[in-house]
Every structure is written in structure tokens, then in C-alpha cells.
Amino acid sequence: MTRTVSIGEPLRTPLFRRIWLGSLLSNFGLLIQGVGAAWAMTQLTAAADMVALVQTALMLPILLLSIMAGAVADMYDRRKVGLIALSISLVAAAGLTALTAADLLTPWLLLASCFAIGTGMALFGPAWQASVSEQVPAHTLPQAVALNSISYNIARSFGPAIGGVIVATAGAVAAFAANAFLYVPLLIVLLLWRRNHVPPRLPAERIDRAIASGLRYILHSPSIRTVLWRTFFTGVAGGSISALMPIIARDNLGGGAQTYGLILGAFGVGAVAGALTIGAIRHRVSGEAAVSFSAVIMAVGIAIVALSGSIVLTAIALLATGAAWMVSITLFNIGVQLAAPRWVAGRALAGFQAAIAGGVAIGSWFWGHVAQEHDLATALFMSAATMAASPLLALWLRMPPGEQSGQDGVEQAAPDAKLALTARSGPIVVEIEYRVAPSEARDFYGAMQKVGRTRNRNGAYSWSIARDIVDPELWTERFHCPTWLDYLRHRSRYTVAELALQTNAEAFHRGAEPMRVRRMLERPFGSVRWKDDAPDQGNDEVLPIISA
């Protein structure tokens with residue numbers, strides 16, 4: 001019987017524990033800054049849509065930059081990427097502090113500063129999350145992901161209340177300064193981390209090709225694609241709470257910055273409680289059941305907040321809403337981390353960040369606009385109704401089972417190549433012939449569709465499977481890779497689970513002769529020299545790819 005791993009198990013690893021504590025402090029700073037920014041905006045303007053735009057400004061960079069940030073996290077040393085990203089946020093927070101101290105802050109300068117801080121966090125997120133698998137043993141990865149969510153929500157539980165006190169006693173400038181100061185511990189921890197960076201066997205991709213590879217993997221990975229759509233919709237439907245909470249505190253409850261910090265803290269306490277139950281929930285119910293039930297709880301909680309004029313009732317509703325929100329988001333995050341292999345983990349997690357941040361950013365703007373054009377209660381009721389309807393998405397986008405498919409690529413021997421090739425030689429065309437009994441044709445075709453998805457998401461294009469009309473036993477699989485280097489990358493990206501799909505398809509092959517594999521250089525003009533000493537006009541790099 002498999003032992004249930006406790007939520008605190010990853011904290012026994014010293015590296016993870018240090019980084020987790022540093023991130024906890026930086027999350028405190030970010031939440032304190034968020035309270036200061038939201039409340040400062042209510043002092044600068046009474047427009048509900050401008051107040052809601054504070055949340056949009058913080059989240060929009062994650063939507064716009066996440067995929068690029070994920071590509072950078074996969075291409076370069078994730079520790080260095082994290083250091084640069086945190087430095088950007090630190091400089092932006094210090095600039096916001098200076099503007100506020102000099103009494104130069106305007107609504108648009110405040111939004112621009114929040115956007116700059118969000119930019120740093122957008123770059124930091126994929127590198128930080130993708131490096132979790134390097135910090136803890138594989139069997140504790142889901143618990144480590146949950147602990148990172150708990151880190152943010154511990155800060156969310158107490159940070160807003162602390163921020164409310166700071167804003168009420170010393171003003172927004174003190175909240176902005178505290179945020180800048182609390183980035184420093186995590187910067188120090190990352191500086192001291194001696195990461196065991198294993199250089200890749202093949203040259204790094206260009207940033208545009210890396211982004212394209214990440215998008216292609218997500219597009220051809222049904223499980224990740226499903227999780228991202230569910231994440232995005234949950235962010236849109238639930239974005240009303242985070243965006244309109246300052247208005248809830250001011251208008252529904254008649255309070256000030258401390259009231260805002262208190263109810264935001266109630267949401268955070270609920271989120272911590274939800275994250276602590278992730279292990280038990282994953283052990284007892286399916287991901288779909290947990291996500292759907294959480295959506296119903298969130299819908300009820302948002303509706304109660306819309307009706308309530310009592311701070312106690314509002315806080316209780318937000319406790320339940322926060323717990324349900326965190327269960328959903330953590331399950332989405334775990335789903336992506338378990339499904340993505342290591343070579344694309346940063347980009348897959350960037351897709352997750354883009355989905356949740358984009359959903360919250362769009363939802364914040366939309367619900368703020370509804371509140372401005374109609375009223376707060378209408379916006380919250382519409383948000384609750386949308387959330388209540390979200391379980392219907394399971395009819396088309398059912399949550400995949402949370403099973404780890406393996407994160408490391410499997411090394412495959414370099415194929416024989418008698419033709420002298422460079423990295424840029426291409427396109428490369430691969431043809432594989434199978435002989436399959438006619439009675440097994442339908443099953444073989446179904447197995448090859450799964451193989452085709454693995455080819456496409458690992459870098460191939462124009463994949464096809466064809467059957468000979470004269471010899472019905474003969475099937476030909478065909479796909480392209482842009483260059484020889486791309487083909488070598490393609491071969492290095494297969495996980496154990498993906499190779500198992502190929503093995504399953506190959507088991508249909510019959511006959512004494514093995515499957516025939518052809519690797520061909522399409523349009524081979526560059527491989528033909530008019531004379532022996534003619535130079536190659538392109539890249540001089542020749543990879544050591546010709547086998548003995």
C-alpha cells in the first residue's frame with residue numbers, strides 16, 4: 001500500500017525550506033503592497049473600474065509575458081532568471097515608494113508601477129515553479145506545489161491585515177517600502193543556492209523557437225490543454241472577489257483600510273485551510289469532483305458576500321470561498337506539473353500562469369465594469385452565477401487523472417547518418433513502415449493517433465499515417481522536422497510514457513522483417529557541393545552526429 005506523504009515532508013529538504021521561507025517573506029511584501037496600492041487608488045479616484053484595474057495591472061504582465069518567461073526558464077539557469085526577475089520587482093517597488101513619498105503619485109503612475117512589479121513576478125514565476133522538482137524528491141512534488149500555494153496564502157491571511165494597519169498608521173508609502181525591503185531575503189537565498197546546472201547535450205533553442213515549442217507542446221497535449229481552459233474560466237468567474245474587495249469593504253461594510261485588510265485576510269486563511277487539505281482530497285476524490293464541488297462553494301460564498309452587510313458574515317463567506325478557490329487552483333497547478341516533462345516544464349507552468357492571470361485580469365476588468373455601470377451587487381451575483389455554471393464544462397473539458405507521466409527525457413542513440421550534416425540541414429523527413437493484420441487495423445489506427453500527438457508536441461510537423469491501397473497490410477507513418485538539430489531535440493524529448501505509446505503501436509507490426517525506417521533530407525541542395533573544397537555558406541557548426 002502506498003504511503004500517504006504528509007504536507008510537511010518537502011520542508012525536510014534544507015534547500016526547499018530556505019527558498020520557501022524566502023518566498024513567504026516576499027509574498028508578505030507583495031500582499032502588503034497590494035493593500036497599499038488598492039487603498040491608494042480609492043483615495044486618488046472614486047471610480048470602481050479604476051480600483052479594479054489595480055488587480056488587472058498586477059496580473060496582466062503574467063498573461064502577456066508568461067510564455068516568454070517560461071521559455072527563458074527552460075533555456076537558462078533558473079536561479080539566475082529568478083534573481084533578475086526579483087531585481088526588476090525590487091526596483092519597481094522602490095520607484096513606487098519614491099513617487100509616493102514625493103507626493104507625485106497619480107492613478108496612471110500607480111497602475112504603471114503595479115504593471116512593472118507584475119512584470120518581475122511574471123518572469124520569476126515559471127523559473128521558481130519549474131525549479132521545485134530540482135529541490136525536492138519526486139514523490140513529494142505535489143506536496144511541494146501545495147506548500148508554495150500555502151506560502152502565498154499564509155501571506156494572504158495576515159499580510160493584508162498587516163498592510164491595513166501599516167496603511168492606516170503610516171500611509172501607503174510605508175506599505176510600498178515594506179514590499180521593497182521584503183524582496184531582499186529571497187534574493188539572498190537565491191544568491192547562495194549552488195544549483196547543480198547540467199548543461200544540455202544540444203545547443204539551446206532561440207527564444208522564438210523555444211516559445212513556439214512550448215505553445216506546440218501545450219496545443220498537442222490534451223491533458224494540459226484541458227487544465228488550462230478550466231483554470232482560465234475559473235479565473236474569469238472568480239476574479240470579482242479579488243478585484244472588488246476594496247469596494248466591498250468601503251460600500252457594503254462601510255469600513256476603511258483595516259476592514260479591507262481583515263476581509264482579505266479571511267479569504268487568505270480559508271485558502272491556507274484549503275491548501276492543507278489537498279493531500280486528503282487527492283486521496284479520496286477525483287480531480288473533477290473536487291474542482292466542481294469547489295466551484296459550487298465559491299458561487300454560494302460570492303452570493304453571500306453580495307447580500308451581506310455584516311463583517312462577520314462576509315468574513316465567514318470569504319473563508320469558505322478562499323478554501324474552495326485554493327483547492328481548485330492547486331489542483332490545476334499539480335495537474336500541469338505532473339503532465340509536463342522537464343524540458344518544457346517552465347513553458348507549461350507559464351501557460352498555467354497565463355491562464356490564471358489572464359482569467360483574473362479579464363474577470364477583474366469585466367466585473368469592475370459591471371459594478372461601475374450597474375452596481376456592486378449585480379456584479380457579484382453575475383460572478384456567482386457564472387461560477388455555479390462552470391462544472392458544466394466537464395461535459396467537454398473533464399479534468400484528467402492526476403498521474404505523473406515522468407519528467408525526464410529518455411536518451412536515444414543517435415541515428416546513423418552517412419551524409420555529412422550540419423545543425424541547420426533540413427527539413428528532415430522520417431518515414432516508418434508497419435505491417436499490420438487487416439483485422440487489427442482499427443486498433444492500430446487508434447494507437448497511432450496517440451503516437452501522432454507525441455510526435456507533434458515534441459517538435460515534428462505534418463504528421464500523417466497512410467495505408468497502401470494495393471497492399472492493405474502496409475501502413476506508412478510520415479513526419480517532418482525543420483532541421484537536423486530539431487530532429488535530434490525531438491528524439492531527446494520523449495518520456496517513458498510517450499515511448500510506451502510507441503511500443504504499443506509497434507506491437508501491431510507483424511512479419512519476420514523489422515519495421516523499415518527512412519530518414520531523408522528534403523530539398524538536399526545544401527548537401528551537394530559543386531566541388532570538394534566548396535565552403536558551407538551557412539552556420540559553420542557541425543554537430544558530432546555521424547555514428548560509427
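# Worked exercises on a predicted model

Thr140 has a relative accessibility of 1%, so Thr140 counts as buried. The term buried means under 20% relative accessible area, exposed means over 50%, and partly exposed lies in between (1.4 Å probe, protein chains only).

The model is predicted: local features need pLDDT of at least 70, side-chain atom pairs count only at pLDDT 80 or more, and totals for chains, interfaces and linings use all residues. Residues are numbered from 1 along each chain as its sequence is written, and side-chain values use heavy atoms, with hydrogens and water left out.

**A buried threonine**

Solution: 
- Start with the place. Thr140 lies in the loop between helix H5 (132-135) and H6. Helices (H or I, at least four residues) and strands (E, at least two) are DSSP runs, numbered from the N terminus.
- Then follow the side chain.

**Trp343 and its partners**

Task: Work out how the rings of Tyr217 and Trp343 are arranged.

Solution: 
- Set the rule. Rings of Phe, Tyr and Trp (its six-membered ring) pair if their centres lie within 6.5 Å; planes under 30 degrees apart count as stacked, over 60 as edge-to-face and the rest as tilted.
- Count the pairs. The rule gives nine aromatic pairs.
- Apply it. Tyr217 and Trp343 are 5.6 Å apart centre to centre, with 90 degrees between the planes, and the pair is edge-to-face.
- Locate the partners. Tyr217 is in helix H9 (residues 207-219) and Trp343 is in the loop between helix H14 (311-339) and helix H15 (345-373), 126 residues apart.
- Check burial. Tyr217 has a relative accessible area of 3%, so Tyr217 is buried. Trp343 has 17%, so Trp343 is buried.
- The charged end of Arg493 sits over the ring of Trp343, 4.0 Å from its centre. The rule here is NZ of Lys or CZ of Arg within 6 Å of the ring centre and within 35 degrees of the ring normal.

**Salt bridges across the chain**

Solution: 
- A salt bridge is a side-chain nitrogen of Lys or Arg within 4 Å of a carboxyl oxygen of Asp or Glu. The structure holds 14 of them.
- Take Asp74. Asp74 is in helix H2 (residues 48-75) and Arg347 in helix H15, 273 residues apart. Both Asp74 and Arg347 are buried.
- Take Arg478. Arg478 lies in strand E3 (residues 474-481) and Glu431 in strand E1 (residues 428-435), so the pair ties together parts 47 residues apart in sequence.
- Widen the view. Glu431, Glu433, Arg478 and Arg518 are linked in a network of salt bridges.
- Finish with Arg435. Arg435 is in strand E1 and Asp471 in the loop between E2 and E3, 36 residues apart.
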